[in-house]
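Please keep the structure open beside you as you read.

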Amino acid sequence: MERLVRFLDKAEALLTRLEPLLPEALPAPDWKAAAFRWRRKNGRGFLQAVAKPHPIRLKDLQDIDDQKQRIVANTRQFLAGRPSNNVLLTGTRGCGKSSLVKALLNEYAKKGLRLIEVDKSDLIDLPDIVDLLANRPEKFIVFSDDLSFESGEDGYKALKSVLDGSVTHLPDNVVIYATSNRRHLMPEYHAENLETTRVGDEIHPGEAVEEKISLSERFGLWISFYPFSQDDYLNIAAYWLVHFGCDASDRSAWERDSLNWALQRGSRSGRVAWQFARDYAGTLQGKGRR
C-alpha cells in the first residue's frame with residue numbers, strides 16, 4: 001500500500017510538471033456572434049468572434065449598383081435555401097469589393113447570415129472549417145480577402161479542392177466569397193501565352209494558363225469592378241462628406257481638394273473618396289466649421 005501511495009505521489013508530481021507544456025484548450029465558438037475570424041494557436045485553428053463588425057451598409061456603397069444587385073440576389077437565394085453560387089469579386093483596388101461583402105452581413109445578420117474571415121495563409125484549414133459549420137442552423141459566408149497565389153501554394157490547392165474538387169461538397173449552409181485584384185488569382189506571365197496552340201479555328205491555351213483558369217472558374221459567379229470616372233469619384237466624395245457632417249452642396253468649396261487628393265494617390269476609387277472626406281471633415285471640424 002505504501003509503495004502505491006509513493007507511486008501515485010510521483011505520478012501526480014510528474015503531471016504537475018507536464019501540465020504547463022500541454023497546449024491550452026481552444027475556446028469554443030460563440031455562436032451568438034455574427035462575424036468571426038479563423039485563428040490558429042499552437043498549430044490548431046479556432047473561430048474567434050468579432051466583437052464589433054465593420055458597420056458599412058449597402059446604401060453606403062455608391063456607383064456600384066450592378067455589382068451590388070448581383071451579389072445581393074445570390075445572397076438572398078442562399079439565405080432562402082435556393083441554389084446559389086460561390087462568388088469571386090475582382091478588379092480595381094479600393095472600389096468596394098470587400099466592403100460589399102461586409103455590408104451583406106449588416107443587411108442580413110438578423111436573417112441568420114454569418115461571416116467568417118479566413119486569411120489566405122489559413123485556407124489550408126478550409127476542410128476543417130467546413131466540417132465545423134456543416135450542422136449549424138445559420139448560413140455562413142466564408143470570406144477571403146485580397147487573394148493572390150503563387151503556383152503550388154497549399155492554400156491554392158485547398159481552396160480549389162473545397163470549391164469543386166473533393167469527394168465531399170460544400171454543405172448547403174456554406175458559400176465562399178473571395179476578392180482579388182487578379183481575375184485568375186495567380187500571376188500571369190508573357191511566356192505562358194507562347195504555349196497557346198491553334199488547331200484549325202480553335203485556340204487552345206497552354207497547360208500553365210489552364211491551371212490558373214481552373215481555380216477562378218470554380219466560382220460560379222464572377223463580379224467585376226472597374227475604375228471610377230471623375231464624376232463617380234466626386235459623387236462618392238460628396239456622399240461621405242455629408243456622412244461626416246459637412247455641407248457638400250457647394251462643390252466649388254471642396255472639388256479641387258478632392259481631385260488633388262486622388263491625384264496624389266494615383267487612384268479615383270471609393271476608398272480614396274472616403275479617405276478624402278474623413279480628412280476634409282476632420283480639418284473643418286478642427287476649425288469649428290462644417
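This is a predicted model: local features need pLDDT of at least 70, side-chain atom pairs count only at pLDDT 80 or more; totals for chains, interfaces and linings use all residues.

Residues are numbered from 1 along each chain as its sequence is written, and side-chain values use heavy atoms, without hydrogens and water.

Helices (H or I, at least four residues) and strands (E, at least two) are DSSP runs numbered from the N terminus. The crossing of α8 and α10 is right-handed, that is, the near helix is turned clockwise from the far one by less than a right angle.

Which residues of α8 and α10 make the contact? From α8 come Y233, I236, A237, W240 and L241, and from α10 come G270, V272, A273, W274, F276, A277 and Y280, with contact meaning heavy atoms within 4.5 Å. These residues comprise 11 nonpolar, one polar and no charged. Nonpolar means Ala, Val, Leu, Ile, Met, Phe, Trp, Tyr, Cys and Pro; charged means Asp, Glu, Lys and Arg; the others, Gly among them, are polar.

On a 1 Å grid over the protein atoms alone, a cavity is a set of points where a 1.4 Å probe fits but cannot get out, a pocket is an open set with protein on both sides within 12 Å along at least five of seven lines, and lining residues have an atom within 4 Å of a point. Grid points are joined across faces, edges and corners, and a volume is the space filled by probe spheres set on them.

| Space | Volume | Lining by class |
|---|---|---|
| Largest pocket | about 600 Å³ | 10 nonpolar, 10 polar, nine charged |
| Second largest pocket | about 280 Å³ | seven nonpolar, five polar, four charged |
| Largest cavity | about 30 Å³ | seven nonpolar, one polar, no charged |

In the largest pocket, I56, L61, G96, S99 and R271 lie nearest the centre. Helices α3 (97–108), α8 and α10 each supply at least two residues of its lining. The largest cavity is lined by residues including V118, F143 and I176, and strand β5 (residues 139–144) gives the largest share, three residues.
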